Amino acid sequence: QTKLAGLRLSVNRPGGRVLSGKRGLVVQPRMASFDRPAGGASRGIPVPADLKSSVVDGTASSNNGGSVSVSGEVLTNSVLGPAAIYEKASDMGAYKASLPWWKIMLLGAIAGCYVALGGALLLTVGPNCPGLAQSNPGLQKYIMGAIGFPYALLAILTCGAELFTGNTALVTTAVYEGKATIKQLLKSWSCSYFGNMIGCALGIALFYNTGLMPQFTNGAESLALYKTAAPLKATFMKAIAANWFVCLAVWQSIAAQSFGGKFIACLGPVSAFVCVGLEHCIANMFFVPLGIIAGANVTMGQFLVNNLIPVTLGNIFAGTVLVATMYSLIYGSLGRKITQK
């Protein structure tokens, strides 16, 4: 099938079946016969409309005598361009900011549960490869990053949920473009943050009562000790880098127009931040308390002061400054203001 996605399109093409609608249109063209070079049965493959390169007054002529009239943007690529990503991100942020607080809390709890699901898989696989950790520590770290957490972000982005760290970029973008207010931003951030916390707590309760704690203990204890022992400056810097990765994954998933593309968009950045050993406040809401329950010599007070607070601040800095502000300067209202001056 050849898909043309725009605002309003009308097609008159002999030999093809047209399905039209206000938001998009699909042309189901004639089928042609294709013979494999090495032999085998003929296979039907779709032949898209062969449009001329020139478009006059919104009408493109077809070599087969048909015509396509276009009003609005036509999507011809499976990946959005940078400016279109920014525009779509601001629209997404505006939608998130407009949600009532209880929906944000509920969707935040769902996101926290997805984090717990992905975190449980991470703890089951990566930390339980001691032989690989000794013989090839780099590969073991990458396996730890690639298996588990990318699934969590993919589920959040495709199934519908509110992740605080992603909202630091998306809702800030909406504020810059005048599509949301500071009050709405604070509502979105606070409700998604505490919703994520509730979801992670539910995930901990779930897995604690599964009888599977022995397979989580090694990784959970190690992470709880590692994450609360680092100096505050290092923790803050690692938090900036972590959410830079996560927000780039969100940005790339906006660009991707297929499920496979969104998976790839999540896989690279999320694998990287886990593999490198960076700090993500929502992930830590699951890992550190679970490690404390598993027996790590860490208190909740140490977790809050040494990790959660500085990590949250670092994550906010990355989302608001390094992503939302930078791209607003390049593609949005901040840049236009500078240009006008």
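Mentor: Helices are DSSP runs of H or I with at least four residues, numbered from the N terminus. This is a predicted model, in which local features need pLDDT of at least 70 and side-chain atom pairs count only at pLDDT 80 or more, while totals for chains, interfaces and linings use all residues. Residues are numbered from 1 along each chain as its sequence is written, and side-chain values use heavy atoms, without hydrogens and water.

Trainee: Which helix gives the largest share of the nonpolar patch?

Mentor: Met326, Leu329, Ile330, Tyr331 and Ile338 make a nonpolar surface patch of about 460 Å². Leu329, for one, lies in helix H12. With four residues, the largest share of the patch comes from residues 300-331, helix H12.

Trainee: How are H11 and H12 oriented to each other, roughly parallel or roughly antiparallel?

Mentor: The axes of H11 (residues 281-294) and H12 come within 10 Å and cross at roughly 165 degrees. The crossing of this pair, H11 and H12, is right-handed. Angles over 145 degrees count as roughly antiparallel, so H11 and H12 are roughly antiparallel.

Trainee: What is the handedness of the crossing of H2 and H11, left-handed or right-handed?

Mentor: The axes of H2 and H11 come within 10 Å, and their angle is roughly 55 degrees. The two helices, H2 and H11, are therefore oblique to each other. The crossing of H2 and H11 is right-handed.

Trainee: How many charged residues are in the contact of H2 with H7?

Mentor: H2 (residues 101-125) and H7 (residues 182-208) pack with axes 6 Å apart, at an angle of about 40 degrees. That angle makes H2 oblique to H7, and the crossing of H2 and H7 is right-handed. The residues of the contact of H2 with H7 include 16 nonpolar and eight polar; the charged ones number one.

Trainee: How many residues apart are Glu87 and Lys179?

Mentor: The count of salt bridges (a side-chain nitrogen of Lys or Arg within 4 Å of a carboxyl oxygen of Asp or Glu) comes to five. Glu87 is in helix H1 (residues 82-98) and Lys179 in the loop between helix H6 (164-176) and H7, so placed that the pair links distant parts of the chain, with a separation of 92 residues.

Conventions. Axes fitted to C-alpha atoms, helices over the stretch in contact; angles between N-to-C directions. Parallel < 35°, antiparallel > 145°, perpendicular 65-115°, else oblique. Left-handed = near helix turned anticlockwise from the far one by under 90°. Nonpolar A, V, L, I, M, F, W, Y, C, P; charged D, E, K, R; others polar. Patch = residues over 30% accessible without salt bridge, like charges linked within 9 Å, V, L, I, M, F, W, Y side chains within 5 Å. Areas by Shrake-Rupley, 256 points an atom, 1.4 Å probe, with all protein chains shown as cover.
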